[in-house]
Amino acid sequence: MTYDVQAPLKAAAANLAELEQRVRDDLACMCYPPANWVAPTKADETVHDVVVIGGGMCGMVASFALLAGGMRNIRIFDRSREGFEGPWLTYARMETLRSPKQLVGPAYGMASLTFRSWYIAQFGNEAWAELDKIPRPMWMDYLRWYRKVLELPVENGVEVDKIVPEGELMRLTLKGEGAREKSVLARKVVMATGRDGMGHPSIPGFVAGLPRRCWAHSSDAIDFATLRGKRVAVVGVGASAVDNAAEALEAGAAEVRHLIRRKQMPTVNKLMGIGSFGFTAVFPKLDDARRWQIMNYSLRTQTPAPRGSTMRVSRHPNAYFHFDAAVEKVELDGEEIVITTPSGKTVRTDFLILGTGFTVDPLARKELDGYADKIALWQDRYTPPVGDENGDLGKFPYLADDFTFTEREPGTAPWLSNIHSFNAGAAASLGKMSGDIPGISEGAALLAREIAARLYHENFGQHWQRLLDYDTPELRGDEWTPSSLPDDERVAARKQA
């Protein structure tokens, strides 16, 4: 039997209140949340079974999966103020999401939790049919509703400053106006820290001598109104570069020039062509050579900016795309920025925007300061064939199957197995299950199952004792009457008769 995934919903909720009741009914039928089964940890202070760092999309679906698995002794911290978690209303500047509208995203197998159900409850089936891509601010509205309807206990204004081992536990030092304690103890830590959650913005060395007022990274808070009437150069042509160029043009920039090191525009999103449940399931099971082969190819071919975003730039007559124009040198000439390319040609501009993305680099994470160098990276575990080297890919953490860090040298940092990198840094080891909308629910399910297994295994003795001590009878003794076996003589007599 097959279904038309775009057919109108016949029994859609008529409004959000009705949909929210449907979610509550669905959760009740799923016995959510089940009783906490995790054996308590004895210590002089409260020990949380799991602390989730990040209350955005990744952190929320991970927390939902943990709670649905009966792991209720958790905390969720996010440094942003409520309703502004993640990039959606901060440095994300695209008009719409790239992902197709019908993807289930963080719904975790519940139809009533999908964006589609939320959208149709407010705007109807006809509006859904006419919708092309999801507007970015609307996606954030959906995520706010997701948090509300699931009653996820995200604590905002709390930043995790350090994660350090303390015996078999991890101590997290906290800061921020929302922090209720200076530190907390946890058995497991989930770093659901998003796109830049295992590294930092990629800042090319050529801006080292340029005053900070003259340039910004695409993830910075940029006051685009100040660019009105000014010349702007944008390095790169990926999604973030293009979206920032569009913002500058729409703010009234005199011109925007894309400086692109590639000779041709990337046009094909390669991984979209093979995305499937099977690919998501198999990727962590592939050997290192095949995982490297896929990720290296994807990075080298580069994911293009969405068509809509690119046309948002190109419809402006004062927008320019310069290919084979890598930046070789940048210097200041009075108030002008002079950019030199390898061909010797120069570009003079008033402001520079770096659309250079993010670098995955565990060594740069301040939360891991003091032992980040003990984390195994891909460059420590795999040597690619000649011609397939990739320094950026080599810096990705080499993770275990449960998203945890592994030790560069066995025995030097066993506590790393308590920290789960559920963010963009997991892509090389486990695929895109911890950041991108298509695979986020599968990633959360895997994460929760693996954490559950670890928590149970670590307290096996207590669970074994629970088995021995359990004595609640299902039968009370009045459900049957004992009978005696017939003796042999009576049986023989009956047979003769």
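## Helix α8 and its buried side

In this predicted model, helix α8 spans residues 307-314, and its buried residues are S309, T310, R312 and V313, where buried means under 20% relative accessible area, exposed over 50% and partly exposed in between, with a 1.4 Å probe and protein chains only. Because these residues cover an arc of only 155° around the axis, they are on the same side of α8, the arc being that of the directions from the helix axis to the C-beta atoms. The elements against which the buried residues of α8 pack are α5, β10 and β11, with contact meaning heavy atoms within 4.5 Å.

Residues are numbered from 1 along each chain as its sequence is written, and side-chain values use heavy atoms, with hydrogens and water left out. Since the model is predicted, local features need pLDDT of at least 70 and side-chain atom pairs count only at pLDDT 80 or more, whereas totals for chains, interfaces and linings use all residues.

## The five-stranded parallel sheet

Five strands form an open sheet in the order β8-β15-β9-β10-β11, and their pairing is parallel; two strands pair if DSSP finds at least two bridges between them. Helices (H or I, at least four residues) and strands (E, at least two) are DSSP runs, numbered from the N terminus. The edges are taken by β8 (215-217) and β11 (319-322), each of which has a single partner strand, so one side of each is left without a neighbour in the sheet. On average, and with direction ignored, neighbouring strands of this sheet are turned by 20° against each other.

Within the sheet, five bridges pair β9 (residues 231-235) with β10 (residues 255-259) in the parallel sense, and V232 stands opposite V256 in β10. Helix α5 (residues 239-250) lies across β9, β10, β11 and β15 (351-354), and runs at about 165° to β10; such angles run from 0 to 180 degrees between N-to-C directions, and the axes are lines fitted to C-alpha atoms, for helices over the stretch in contact.

## The three-stranded antiparallel sheet

Another open sheet consists of three strands in the order β12-β13-β14, with antiparallel pairing. Here β12 (329-333) and β14 (346-349) stand at the edges with a single partner strand each, so one side of each is left without a neighbour in the sheet. Strand β13 (residues 336-340) is joined to β14 by four bridges, the two strands running antiparallel, and the bridge partner of I339 in β14 is V347.

## Nonpolar cores

In soluble globular proteins, nonpolar side chains tend to be buried together. The largest nonpolar core of this model has 101 residues, and those with the most contacts inside it are L113, F115, W139, I163, L172, L368 and F422; a nonpolar core is a set of buried Ala, Val, Leu, Ile, Met, Phe, Trp, Tyr and Cys residues joined through side-chain atoms within 4.5 Å. A second, separate core of 22 residues includes F224, V232, V234 and L249.

For L172, leaving aside neighbours within four places in sequence, the residues in contact are V51, I53, V160, K162, I163, K182, S183, V184, A186 and V189.

D288 lies in helix α7 (residues 288-301) and counts as buried because its relative accessibility is 17%. The side chains of D288 and R291 are joined by a polar contact of 2.6 Å, that is, a pair of N or O atoms within 3.5 Å, of which, within protein, one must be able to donate a hydrogen and the other to accept it, while residues adjacent in sequence count only if both atoms are side-chain atoms. Leaving aside its neighbours within four places in sequence, D288 is in contact with W378, R381, Y382 and Y398. In the loop between α7 and α8 lies Q302, which has a positive phi of about 65° although it is not a glycine.

## Other backbone features

Y32 and P33 are joined by a cis peptide bond with omega of about -10°, and P33 lies in the loop between α1 (16-29) and β1 (47-53). Y108, in the loop between β2 (74-78) and α3 (115-130), has a positive phi of about 55° although it is not a glycine, and Y108 is partly exposed, with a relative accessible area of 21%.

## The chain as a whole

The chain has 14 helices and 17 strands, and 48% of its 497 residues count as buried. Its C-alpha trace spans about 120 × 60 × 50 Å along the principal axes. Among contacts with a separation of 6 or more, 73% are between residues 24 or more positions apart.
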